[in-house]
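These are my notebook entries on one structure. I set out to look up the strands, the sheets and the aromatic rings in turn.

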Amino acid sequence: MPIVRPFLGSRKFVSTIGAGTGTGEAFEIDATSFTDDTGAAATAFPLPSYYILYINGMVQTTDVSTISTTAITIPDGDTLDGATPVIVEIVVN
């Protein structure tokens with residue numbers, strides 16, 4: 001019997017570092033501060049199978065952030081320029 005791969009969908013969310021709150025380890029950007037890949041305001045992140053974080057167009061390693069349905073936490077993200085773009089690509093089953 002052949003192996004059938006499950007369907008995977010990708011959702012992209014865009015914001016800037018300036019939309020974040022907190023400092024140091026507590027710096028996070030709420031999901032509601034992002035727009036989705038249709039240009040609409042996001043209300044929450046879907047539960048990811050995995051996600052890819054881009055800061056200023058550069059892929060980040062997995063130790064740089066954590067994500068929940070309500071926010072993405074980027075420790076020390078507050079040290080970056082507020083205009084720095086942030087893209088979160090979430091892959092869901």
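**Entry 1. A term to settle.** Before reading off any partners, I noted that two strands pair if DSSP finds at least two bridges between them. I also noted that the model is a predicted one.

Strand β1 covers residues 9-16 and is joined to β8 by eight bridges, the two running antiparallel. A further partner across β8 is Pro85, which is bridged to Thr16.

**Entry 2. Overall content.** I checked the secondary structure and found zero helices and eight strands in the protein. Along the sequence I read the pattern β-β-β-β-β-β-β-β. I recorded the span of the C-alpha trace along its principal axes as about 55 × 30 × 20 Å. The protein has 93 residues, of which 29% count as buried. For the accessible surface I noted about 5700 Å², with 58% of it belonging to carbon and sulfur atoms.

I also looked up how far apart in sequence the contacting residues lie. Among contacts between residues at least 6 apart in sequence, 65% join residues at least 24 apart.

**Entry 3. The five-stranded sheet.** In what order do the five strands of the open sheet stand? I read the order as β3-β1-β8-β4-β5, with antiparallel pairing. The edges are taken by β3 (35-36) and β5; each has a single partner strand, so one side of each is left without a neighbour in the sheet.

I then went through the pairs of this sheet.

- β1 and β3 run antiparallel and are joined by two bridges; here Val14 stands opposite Thr35 in β3.
- β4 (residues 50-55) pairs with β8 (residues 85-92) in the antiparallel sense over six bridges; Tyr51 has Ile90 of β8 as its bridge partner.
- β4 also pairs with β5 (residues 58-59), antiparallel, over two bridges; Tyr54 has Val59 of β5 as its bridge partner.

β4 and β5 form a hairpin with two residues between them. In the turn, Asn56 has a positive phi of about 55°.

As a reminder to myself, strands of a sheet pair through backbone hydrogen bonds, either parallel or antiparallel.

**Entry 4. The three-stranded sheet.** I found another open sheet, of three strands in the order β2-β7-β6, with antiparallel pairing. Its edge strands are β2 (28-30) and β6 (66-67), each of which pairs on one side only. β6 is joined to β7 (residues 71-73) by two bridges, and the two strands run antiparallel. Across this pairing, Thr66 has Thr73 of β7 as its bridge partner.

I followed up Thr73, which lies in strand β7. Is Thr73 buried or exposed? Its relative accessibility is 17%; buried means under 20%, and Thr73 therefore counts as buried. Leaving aside neighbours within four places in sequence, I listed the contacts of Thr73 as Glu25, Phe27, Glu28, Val64, Ser65 and Thr66.

**Entry 5. Aromatic rings.** How many aromatic pairs does a search of the whole structure find? The search gives two. The rings of Phe13 and Phe45 form an edge-to-face pair, with 5.2 Å centre to centre and 80° between the planes. This pair links distant parts of the chain: Phe13 is in strand β1 and Phe45 in the loop between β3 and β4, 32 residues apart.

I looked up the accessibility of both residues. Phe13 has 5% relative accessibility and counts as buried, and Phe45 has 3% and likewise counts as buried.

Why is the pair of Phe34 and Phe45 edge-to-face? The ring centres are 5.3 Å apart and the planes stand at 65°; planes over 60 degrees apart count as edge-to-face, so the pair is assigned to that class. Phe34 sits in the loop between β2 and β3, and Phe45 in the loop between β3 and β4, 11 residues apart. Both Phe34 and Phe45 are buried.

Key. Residues numbered from 1 in each chain as written. Predicted model: local features only at pLDDT ≥ 70, side-chain atom pairs only at ≥ 80, totals over all residues. Heavy atoms only, no water. Helix = DSSP H or I, 4+ residues; strand = E, 2+ residues; numbered from the N terminus. Buried < 20%, exposed > 50% of the residue type's maximum accessible area, 1.4 Å probe, protein only. Contact = heavy atoms within 4.5 Å. Areas by Shrake-Rupley, 256 points an atom, 1.4 Å probe, with all protein chains shown as cover. Phe/Tyr/Trp six-rings, centres within 6.5 Å; stacked < 30°, edge-to-face > 60°.
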